[in-house]
Amino acid sequence: MMGVGLTLASVASAQDEPAAVTEVAEATDAGAVDAAEDAAPVGWNAGDKVSDLSYDDSNDYAINTLIMFVCAVLVLFMQAGFAMVEVGMNSAKNTVNILAKNVMDLAVGVLLFLLIGYALMYPGSWIAEGYLGSPGSFISRDAQIEEVNGEEVWASAPAYSDGAYASNSADFLFQVAFAATAATIVSGAVAGRMKFGAYLIYSALLTGLIYPISGSWKWGGGFLDAMGFQDFAGSVVVHAVGGFAGLAGAIALGPRLGRYTADGKSVPLPGHNIAFAALGVFILWVGWYGFNPGSQLTYSGAANAEATTYIAVTTTISAAAGAIVALLTGWTLFGKPDLTMALNGVLGGLVAITANCDRVSQVESIVIGAIGGALVVIGIVLLDKLHIDDPVGAWPVHGLCGVWGGIATGIFGDLPDGVESVGAFIGIQAFATLVICAWAFITMGGLFFLLKAIGFLRVSPEEEAAGLDISEHGMHAYPSDAISGGAIA
């Protein structure tokens with residue numbers, strides 16, 4: 001092998017069949033790398049003739065790469081959905097701030113995940129076995145051709161891992177979109193009162209360290225994966241991490257001005273554009289067809305193609321059930337069919353099915369989504385009773401329904417290899433879910449309270465009243481005479 005070592009990174013469960021390769025600064029054991037190459041069939045190794053790769057194998061690689069790329073774009077498009085939901089459910093005077101946070105979640109996330117997070121999440125070697133991977137930066141290109149003695153050979157062979165192969169570039173794009181999703185969930189929970197600089201610090205830490213480390217415990221082949229924990233596309237690994245980080249931020253910040261009276265009475269602060277919120281939910285629903293079906297990772301062949309589309313079916317069913325039950329639950333409790341409850345019910349159903357969409361029946365999908373929809377409403381009411389201000393319901397949707405998705409995986413569907421009973425499986429799922437949620441809540445809570453202690457977490461009351469658009473960014477999203485708030489004296 002050449003001077004720069006390669007860390008082979010496996011993508012667990014959904015994300016179990018790896019294609020990722022991370023380039024690192026330190027050389028790795030060349031013998032181990034050579035052994036890994038020797039295990040691949042002829043045509044898939046560096047130095048093999050390009051012509052040794054059969055047409056069928058080459059075509060499978062192309063199909064997997066291109067579909068994974070399309071799915072990565074769909075997941076990336078979810079950033080627009082999150083932005084619209086958050087903008088719609090908050091005051092007009094904070095629109096620029098919300099959009100800026102969503103843009104920077106993606107921009108900061110891409111660079112931090114490239115420079116450190118990707119290698120931590122899919123480690124080829126461990127600093128602490130099963131708990132902390134070795135750091136590394138950048139991805140190496142595969143399927144690169146050179147000419148030797150007039151013959152085309154692989155200078156860098158196409159990525160191969162036991163039949164689940166796609167380009168390293170497509171794999172990175174897919175995984176970095178997941179990292180950005182975990183980060184942007186928090187934006188809604190802390191909307192309207194958090195300093196923009198503090199938010200950037202949070203976003204960098206989550207995408208660079210916190211999410212990749214806990215993600216490696218499952219999808220990188222870490223200790224939770226070894227226990228048998230299952231999370232197909234990230235109810236716990238992605239959504240619960242974002243939801244519990246958001247809960248920590250909401251607690252540290254305290255409620256928005258005017259959200260509760262002096263005697264503790266709840267005062268609703270309705271969003272300024274429910275049409276935006278509804279559009280955002282539809283965008284997220286469409287994006288989820290990259291999130292869940294895309295996590296099949298290998299799409300070529302009849303069985304894989306059917307599995308990919310079946311995952312889309314269970315995802316759709318759960319979202320529909322979540323919307324209906326959330327609407328009915330809110331209607332029963334509040335006397336009116338609340339659209340915002342139905343919208344969050346869609347998302348709750350989607351989050352809940354994400355961990356188990358590959359393994360449950362259609363009837364089980366309805367049950368999982370229905371319970372998710374009910375939990376969203378219950379979670380919103382619970383936070384209100386506790387005076388925790390979460391303007392978009394980020395914790396009920398992503399945190400609470402993420403936990404339910406993890407537990408539901410143990411209750412429904414097939415047992416994984418090595419697990420003898422449903423009770424044992426539920427126990428594994430509950431333990432792993434608790435560990436990941438606690439990790440996100442404690443680490444992010446520590447950061448938020450540290451920023452609060454040094455006076456760098458929340459804007460002043462005057463700045464909050466004026467709106468973060470003008471106080472933090474010096475601009476308005478709409479004509480100034482059309483918004484509440486104003487200039488700072």
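Residues 24 or more positions apart supply 75% of the contacts in the protein that have a separation of 6 or more. With the whole chain displayed, note that this is a predicted model. The protein comprises 16 helices and six strands. Colour the 489 residues by accessibility: 54% of them count as buried.

**Stop 1: helices α9 and α11**

Select residues 274-291, which form helix α9, together with residues 339-354, which form helix α11. The two axes come within 10 Å and cross at roughly 15°. Because angles under 35 degrees count as roughly parallel, α9 is roughly parallel to α11. The crossing of this pair, α9 and α11, is left-handed.

Now show side chains at the contact. On α9, display Ile274, Ala277, Ala278, Val281, Leu284, Trp285, Trp288 and Phe291. Facing them on α11 are Leu339, Thr340, Leu343, Val346, Leu347, Leu350, Val351 and Thr354. By class, the residues of this contact between α9 and α11 comprise 14 nonpolar, two polar and no charged.

**Stop 2: helices α4 and α5**

Next select residues 95-121 for helix α4 and residues 168-189 for helix α5. Here the axes come within 8 Å, and the crossing angle is roughly 130°. That angle makes α4 oblique to α5. The crossing of α4 and α5 is right-handed.

The α4 side of the contact consists of Lys101, Asn102, Asp105, Leu106, Gly109, Val110, Phe113, Leu114 and Tyr118. These meet Asn168, Asp171, Phe172, Gln175, Val176, Ala179, Ala180, Ala183, Thr184 and Ser187 in α5. The residues of the contact of α4 with α5 divide into 10 nonpolar, six polar and three charged.

**Stop 3**

Move to the loop between β4 (132-133) and β5 (144-148), and select Asp142. Is Asp142 buried or exposed? Its relative accessible area is 6%, and because buried means under 20%, Asp142 is buried. Apart from neighbours within four places in sequence, Asp142 is in contact with Tyr61, Ser156, Ala157, Pro158, Ala159, Ala166, Ser167 and Asn168. Asn168 was also displayed at the previous stop, on the α5 side of the contact with α4.

Within the loop between β4 and β5, select Ala143. Ala143 has a positive phi of about 55°, although it is not a glycine. Its relative accessibility is 26%, so Ala143 counts as partly exposed.

**Stop 4: Ile63**

Select Ile63, in helix α3 (residues 55-88). Ile63 is partly exposed, at a relative accessible area of 29%. Which residues does Ile63 contact, leaving aside its neighbours within four places in sequence? They are Tyr299 and Ser300. A C-alpha to C-alpha distance from Ile63 to Thr298 gives 8.7 Å, for a pair 235 residues apart in sequence.

**Stop 5: His387**

Finish in the loop between α12 (362-385) and α13 (394-411), where His387 lies. His387 is a residue other than glycine with a positive phi, near 60°. With a relative accessible area of 33%, His387 is partly exposed.

Definitions and conventions. Residues are numbered from 1 along each chain as its sequence is written. This is a predicted model: local features need pLDDT of at least 70, side-chain atom pairs count only at pLDDT 80 or more; totals for chains, interfaces and linings use all residues. Side-chain values use heavy atoms; hydrogens and water are left out. Axes are lines fitted to C-alpha atoms, for helices over the stretch in contact, and angles run from 0 to 180 degrees between N-to-C directions. Helices (H or I, at least four residues) and strands (E, at least two) are DSSP runs, numbered from the N terminus. Angles under 35 degrees count as roughly parallel, over 145 as roughly antiparallel, 65 to 115 as roughly perpendicular and the rest as oblique. A crossing is left-handed if the near helix is turned anticlockwise from the far one by less than a right angle, and right-handed if clockwise. Contact means heavy atoms within 4.5 Å. Ala, Val, Leu, Ile, Met, Phe, Trp, Tyr, Cys and Pro count as nonpolar, Asp, Glu, Lys and Arg as charged, and the others, Gly among them, as polar. Buried means under 20% relative accessible area, exposed over 50%, partly exposed in between (1.4 Å probe, protein chains only).
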